[in-house]
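Biologist: I'd like to learn how to read a protein model. Could you walk me through one?

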Amino acid sequence: MKNVFFALIVGSMFALASCGGPSAEEQKKLEDSLVNALNQAFDDMNVALDSVNATIDTTTVAPE
């Protein structure tokens, strides 16, 4: 079963490679799009973490 699965993956890779694939300009557009999406996700995560930290700072009471 593993050999069949591996053969399908390798065969599909060769088929995709023989089709030519995207041009350099299309690859650059896809790369830029991915970088922008990752940057936005990272910024959103930082905002969420900052709001959690602010909530923890305002609700934490020092022991007496």
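Modeller: Let's start with a contact: the side chains of Asp32 and Lys28 form a salt bridge, 3.3 Å from N to O. Keep in mind that this is a predicted model.

Biologist: What can side chains of opposite charge do when their charged atoms come close?

Modeller: They can pair. In this case, Asp32 and Lys28 both sit in helix α2, 4 residues apart, which is about one turn of the helix.

Biologist: How many salt bridges does a search of the whole structure find?

Modeller: The search finds 2. Glu25 and Lys29 make one of them, at 3.5 Å from N to O. These two also lie in helix α2, which covers residues 24-59, and they are 4 residues apart. Both Glu25 and Lys29 are exposed.

Biologist: And which residues form a nonpolar patch on the surface?

Modeller: Phe5, Ile9 and Met13 do, with about 320 Å² of accessible area together. Met13 belongs to helix α1, residues 2-18. Exposed means over 50%, and Met13 has a relative accessible area of 54%, so Met13 counts as exposed.

Biologist: What about the chain as a whole: how many helices and strands are there?

Modeller: There are 2 helices and 0 strands. Of the 64 residues, 0% are buried. The chain exposes about 6,000 Å², with 67% of that supplied by carbon and sulfur atoms.

Conventions. Residues numbered from 1 in each chain as written. Predicted model: local features only at pLDDT ≥ 70, side-chain atom pairs only at ≥ 80, totals over all residues. Heavy atoms only, no water. Buried < 20%, exposed > 50% of the residue type's maximum accessible area, 1.4 Å probe, protein only. Areas by Shrake-Rupley, 256 points an atom, 1.4 Å probe, with all protein chains shown as cover. Patch = residues over 30% accessible without salt bridge, like charges linked within 9 Å, V, L, I, M, F, W, Y side chains within 5 Å. Salt bridge = Lys/Arg side-chain N within 4 Å of Asp/Glu carboxyl O.
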